[in-house]
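Let's take a walk through this structure together. Have a look at the sequence and the 3D view first, and then we'll go through a few parts one by one.

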Amino acid sequence: PEDTENVVEDSANHPLDGEEDYVAAIYSKSDLVFNGSGTLTVNGYYNDAINCRDDIKIVDVTLEISSIDDGIVGKDYIAIRDAVINVDSLGDCLTSTNDEDASKGFIYIESGTFDLTSDAEGIQAENTVFIYDGTFNIDVSDNAIQAGTAIYIGGGTLVIEADGDGLNTDGELTIFDGDLTITAGDDAIHGYDLVLVEGGSINILGSYEGIEGLV
């Protein structure tokens with residue numbers, strides 16, 4: 001609800017419920033929706049903060065996330081609009097893990113404000129990452145944005161510090177627009193297939209290779 005602050009957290013120990021190990025403070029086998037203008041803090045002391053075995057939609061709400069593993073896991077997809085999301089995790093901050101269906105395993109960000117800190121990756125999708133707008137501060141020990149199939153950047157302001165790559169995909173990487181500032185320990189922008197820059201502003205402050213692509 002508006003003007004409220006809410007907290008959900010788990011303990012470091014989880015009892016098994018039959019064969020199921022509920023690996024997060026908020027765990028869902030079905031679709032999960034976060035909506036509203038209040039603030040929700042989720043602390044994952046056992047494993048993940050939020051883990052959904054289906055779809056996650058996040059609209060308007062402010063999420064403050066900390067976890068000893070992944071911050072937000074949406075197996076089939078994560079879709080975000082007009083949210084404020086701050087994640088401090090030892091695992092990936094935002095991840096979509098479905099590697100069995102090419103139409104799933106994606107992260108779609110229409111807008112929002114993101115502050116992502118991780119000992120792993122910031123935004124990771126087994127298939128595709130779509131970013132159309134938003135403000136991003138990403139500071140990670142691995143790749144900042146990682147996708148198995150494709151990355152599409154259509155706008156937004158992204159400030160990235162990564163020990164690995166800034167943007168990395170096993171497939172196609174396309175930047176249509178946006179303002180990107182990248183400091184990377186390895187490549188700033190890396191597509192194992194096509195890298196296409198059609199617009200925007202790219203400022204690479206440090207990297208091993210600036211922009212690398214096969215095509």
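You'll find Thr 97 in the loop between strand E11 (94-96) and strand E12 (106-109); strands (E, at least two residues) are DSSP runs, numbered from the N terminus. Is Thr 97 buried, partly exposed or exposed? Buried means under 20% relative accessible area, exposed over 50%, and partly exposed in between, with a 1.4 Å probe and protein chains only. Thr 97 has 30% relative accessibility, so it counts as partly exposed. From C-alpha to C-alpha, Thr 97 is 12 Å from Gln 146, while the two are 49 residues apart in sequence.

A quick word on where this comes from. This is a predicted model: local features need pLDDT of at least 70 and side-chain atom pairs count only at pLDDT 80 or more, while totals for chains, interfaces and linings use all residues. Residues are numbered from 1 along each chain as its sequence is written, and side-chain values use heavy atoms, with hydrogens and water left out.

Now for the sheets. Two strands pair if DSSP finds at least two bridges between them. Zoom in on strand E7 (residues 62-67) and strand E10 (residues 83-89): they run parallel and are joined by 6 bridges. Ile 65, for one, has Val 87 in E10 as its bridge partner.

Another open sheet of 9 strands, also with parallel pairing, goes E2-E5-E8-E11-E14-E17-E20-E23-E26. Strand E2 (24-28) and strand E26 (209-213) are at the edges with a single partner strand each, so one side of each has no neighbour in the sheet. Within it, strand E20 (residues 167-169) and strand E23 (residues 187-191) pair in the parallel sense over 3 bridges, and Leu 167 has Ile 189 in E23 as its bridge partner.

Two loop residues deserve a stop. Asp 60 is in the loop between strand E6 (55-59) and E7, and its phi is near 70°, a positive value in a residue other than glycine. Asp 82, in the loop between strand E9 (77-81) and E10, has a positive phi of about 55° although it is not a glycine.

Last come the aromatic rings. Rings of Phe, Tyr and Trp (its six-membered ring) pair if their centres lie within 6.5 Å; planes under 30 degrees apart count as stacked, over 60 as edge-to-face and the rest as tilted. The whole structure has 7 aromatic pairs. Tyr 22 and Tyr 27 make an edge-to-face pair, 5.0 Å centre to centre with 85° between the planes. Tyr 108 and Tyr 132 make a tilted one, at 5.4 Å and 50°. Tyr 108 lies in strand E12 and Tyr 132 in the loop between strand E15 (128-131) and strand E16 (135-140), so this pair ties together parts that are 24 residues apart in sequence. Ring pairs also link Tyr 77, Phe 106, Tyr 108, Phe 130, Tyr 132 and Tyr 152 into a cluster.

Conventions
Helices (H or I, at least four residues) and strands (E, at least two) are DSSP runs, numbered from the N terminus.
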